[in-house]
Amino acid sequence: MMRPEPQQLQQQARWLAFLLLASGLHIFESAMPSLGPWFKLGLANIVTLIVLATMGVRYALALALARIIIGALLLGTLLTPTFIVSLVATLSAASVMVVVWRYVPNVSLLGVSLCAAVVHMAAQFWVVGAWIIQQEVLYQLLPPFLLLACVTGWLNGSLARYMVAQLQVRDGEYIASKK
Amino acid sequence: MRVKAISSTGLLHGLHGRPSDYVLLLLVLLAIGMAAYQLRHDAGSTPMVHIYHAQTLLATYPLQSKQAIHFIAHGDVGTSEVWIERGKVRIIHSSCRTKACVLSGEHHRIGDMIACVPNRILVTIEGKQHALDAISQ
């Protein structure tokens, strides 16, 4: 068996560190008081955005999926309706992140985060409305929640962009110090 | 791996997006506005079942609910059990003596009503299109 390259190992270690951070934020957020059962700030999504911008699409999608599973294991909600809602919403949001990041020209993490937050919220309502509670009257709540998602998506995107810029500066300094 | 250039330096500066971000924001807000308009329009024309005891509104349910709804209304002489399923509403049991409300069967049109007079329970189907055909009954 081939020994992995140090650069590859470093990449994997960084991804694991991001995964731990995202899982921690996921659990922290579930313990925080929120405006409603479906409304969360999406702090863990910041980490997905950072991974998307610094490590690529494959790592971002893997992180989104792994974070949901680890979070559910630690919270004891694995395979419950909450988990299904979270899984569908997170995977939809991560897919939209990838599509916007790849195909919208000159977009920044703000636009990516905005679209992801809105799709995350809409997907949650769709799963709950279509499969769990099955009351169409629920959709009446959707527009105000989507507006709140726009605000949190934009703020999260700006935070992610700031952190990516900081990481790039640190990485540059690290590489320079090695030379 | 594709890494886009990140140009922000400060946290507050990071709140300013690129033109593409603002275009996306505009599109999203437009979509939310259209969804809100559509939902409001749909809500207005969706028939709703209102269950009253005298002048007190006890409950409101959409007539076209996917799941069957069983509501027990407490009236003057006992209970009236309202059943909503597949766009139809009926009273399946009542504590009243005559049972006229139960015998009136299923109702599905806007403007239809089921009244249990002894129990002072009224079930109405309300919506945007006021039922001219119901008045003509």
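## Chain B: composition and confidence

Of the 137 residues in chain B, 23% are buried. The structure described here is a predicted model, and it scores ipTM 0.78 and pTM 0.68. In chain B the secondary structure amounts to three helices and seven strands, and their order along the sequence is α-β-β-β-β-β-α-β-β-α. Among the contacts of chain B with a separation of 6 or more, 33% are between residues 24 or more positions apart.

The mean pLDDT of chain B is 79, and 80% of the residues score at least 70. Taken element by element, strand S4 (residues 79-85) of chain B has the highest mean pLDDT, 93, whereas helix H3 (residues 132-135) of chain B has the lowest, 36. Across residues 130-137 of chain B the pLDDT is below 50, although this stretch still has eleven contacts in the model beyond near neighbours in sequence.

## Chain A: overall make-up

Chain A contains six helices and zero strands, which gives the pattern α-α-α-α-α-α when read along the sequence. Buried residues account for 39% of the 179 residues in chain A, and residues 24 or more positions apart supply 73% of the contacts in chain A with a separation of 6 or more.

## Helices H1 and H2 of chain A

Two packed helices can be described by the angle between their axes and by the distance between the axes. For helix H1 (residues 6-31) of chain A and helix H2 (residues 43-54) of chain A, the axes come within 7 Å and cross at roughly 160°. Because of that angle, H1(A) is roughly antiparallel to H2(A), and the crossing of H1(A) and H2(A) is left-handed.

On the side of H1(A), the residues that meet H2(A) are A:Trp15, A:Phe18, A:Leu21, A:Ala22, A:Leu25, A:His26 and A:Glu29, and their counterparts in H2(A) are A:Leu43, A:Ala44, A:Val47, A:Thr48, A:Ile50 and A:Val51. Sorted by class, the contact of H1(A) with H2(A) comprises ten nonpolar residues, two polar and one charged.

## Helices H3 and H4 of chain A

Helix H3 (residues 57-75) of chain A packs with helix H4 (residues 81-103) of chain A at an angle of about 165°, the axes lying 10 Å apart. H3(A) is therefore roughly antiparallel to H4(A), and H3(A) passes H4(A) in a right-handed crossing.

From H3(A), the contact is made by A:Val57, A:Ala60, A:Leu61, A:Ala64, A:Leu65, A:Ile68 and A:Ala72, while H4(A) contributes A:Phe83, A:Ser86, A:Leu87, A:Thr90, A:Leu91, A:Ala94, A:Met97 and A:Val98. In the contact of H3(A) with H4(A) there are 13 nonpolar residues and two polar ones, with no charged residues.

## The surroundings of A:Val112

A:Val112 is located in helix H5 (residues 109-132) of chain A. It counts as buried because it has 32 C-beta neighbours inside 10 Å, the threshold for a buried residue being 20 or more.

When neighbours within four places in sequence are left aside, A:Val112 is in contact with A:Leu49, A:Met97, A:Val100, A:Trp101, A:Val107 and A:Gly157. One of these residues, A:Met97, also belongs to the contact that H4(A) makes with H3(A). A:Ala94 is another residue of that contact, and its C-alpha atom is separated by 9.7 Å from that of A:Val112, the two residues being 18 apart along the chain.

How values were computed. Residues are numbered from 1 along each chain as its sequence is written. Chains are lettered from A and ligands numbered from 1 in the order in which they are written. This is a predicted model: local features need pLDDT of at least 70, side-chain atom pairs count only at pLDDT 80 or more; totals for chains, interfaces and linings use all residues. Axes are lines fitted to C-alpha atoms, for helices over the stretch in contact, and angles run from 0 to 180 degrees between N-to-C directions. Helices (H or I, at least four residues) and strands (E, at least two) are DSSP runs, numbered from the N terminus. Angles under 35 degrees count as roughly parallel, over 145 as roughly antiparallel, 65 to 115 as roughly perpendicular and the rest as oblique. A crossing is left-handed if the near helix is turned anticlockwise from the far one by less than a right angle, and right-handed if clockwise. Two residues are in contact if their C-beta atoms, placed from the backbone, lie within 7 Å. Ala, Val, Leu, Ile, Met, Phe, Trp, Tyr, Cys and Pro count as nonpolar, Asp, Glu, Lys and Arg as charged, and the others, Gly among them, as polar. A residue is buried if 20 or more other C-beta atoms lie within 10 Å of its own, exposed if 12 or fewer, and partly exposed in between; C-beta atoms are placed from the backbone. pLDDT is the predictor's confidence in each residue, from 0 to 100.
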